[in-house]
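Hi,

Here's the structure I said I'd pass on. Have a look at it first, and then read my notes on its aromatic rings below.

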Amino acid sequence: KAIPYVGGISAISLCLIFLLFVNFNIPVLIILLFSLTGTLDDKYGFTPYLRLIIEFILIIILCFFIHNNLSILVLIPLSIIGVSIINAFNFIDIKDGLATSFGICFLLLMTNSQLMPDDFNKFICIYLISLISFYYLNTEPARCYQGDGGTYAMAAASFASILYSTKGLGVINTQLIATESIDKFSYFIDLNKNLILILLILIAIFPIIFEMFFVVFVRIKKNLNPLLASKDHIAIRLSNRGYSTYKISFFFFFLPFTAFILSILNQFSFNIFSLIAMSLFLLVFFYRFLMRL
């Protein structure tokens, strides 16, 4: 029976509509190319190495566009982080609604970043509505799936948001102050709102980065190719122990959702749309969960 991987088609359609009728935007074009790559991979099954090459090329272009004057010493680790996030999203797309709910909560956090330009933030807000609608059909029992096309689009949108938010790193004032204690030194960092947002992003992205490195570590330990599929995922382990897909999703999106709430408290302001989107997401989540009881 054919699996309806319509997440990629949904993302491609949204990107095309935005580019043609709202505003032409290079990061949105890169997201479109990522989604197209994933959708073709769903259809024809690219080799892992070909996927990696395409991912690195697109990530490098995205990094150069958002951070204009990057040195090679910064570009290389930034590209590795970007490709890691792309594959980390894909790693958790193994349970109904898991990747979609995480993507929604992470992008909710990013809509509150005051460092993102208005045109890209507008795209993220429209994309969130699309994801919440998709989530209704993607939760258990799922009738449609993200596939590589959908997860690549979510990951690329998330990484582009992170790049925009880290552009403020150059003006962040961090100051280390040592106490005059003989026994020990205590160090303090002067945190401004931008730095706190970046710390919240690190907290929010932690679940999927940990998942990816955990699975890769287990596969290497078992002398398996880390680029090939296996059943070492945390979500599968939790499922085997009797956890429902809704509980598993909650474990993964708890940190980005908490980071979203903390970002509001940090800035004492919020994007009104993000609050509406959060309410819609919770409404869909609890409705679908309660309908299964």
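One term to start with: buried means under 20% relative accessible area, exposed means over 50%, and partly exposed is in between (1.4 Å probe, protein chains only). Tyr287 is partly exposed, with a relative accessible area of 40%, and Tyr136 counts as partly exposed too, at 32%.

Keep in mind that this is a predicted model: local features need pLDDT of at least 70, side-chain atom pairs count only at pLDDT 80 or more, and totals for chains, interfaces and linings use all residues. Residues are numbered from 1 along each chain as its sequence is written, and side-chain values use heavy atoms, with hydrogens and water left out.

Now the rings. Rings of Phe, Tyr and Trp (its six-membered ring) pair if their centres lie within 6.5 Å; planes under 30 degrees apart are stacked, over 60 edge-to-face, and the rest tilted. There are 22 aromatic pairs here.

Take Phe18 and Phe123: their ring centres are 5.3 Å apart and the planes sit at 70°, so this pair is edge-to-face. Both Phe18 and Phe123 are buried.

Tyr136 and Tyr287 make a stacked pair, with 6.3 Å centre to centre and 15° between the planes. Arg288 lies over the face of Tyr136, 4.9 Å from the ring centre (a charge counts as over a ring if NZ of Lys or CZ of Arg is within 6 Å of the ring centre and within 35 degrees of the ring normal).

There's also an aromatic cluster, whose members include Tyr135, Tyr246 and Phe250.

Cheers
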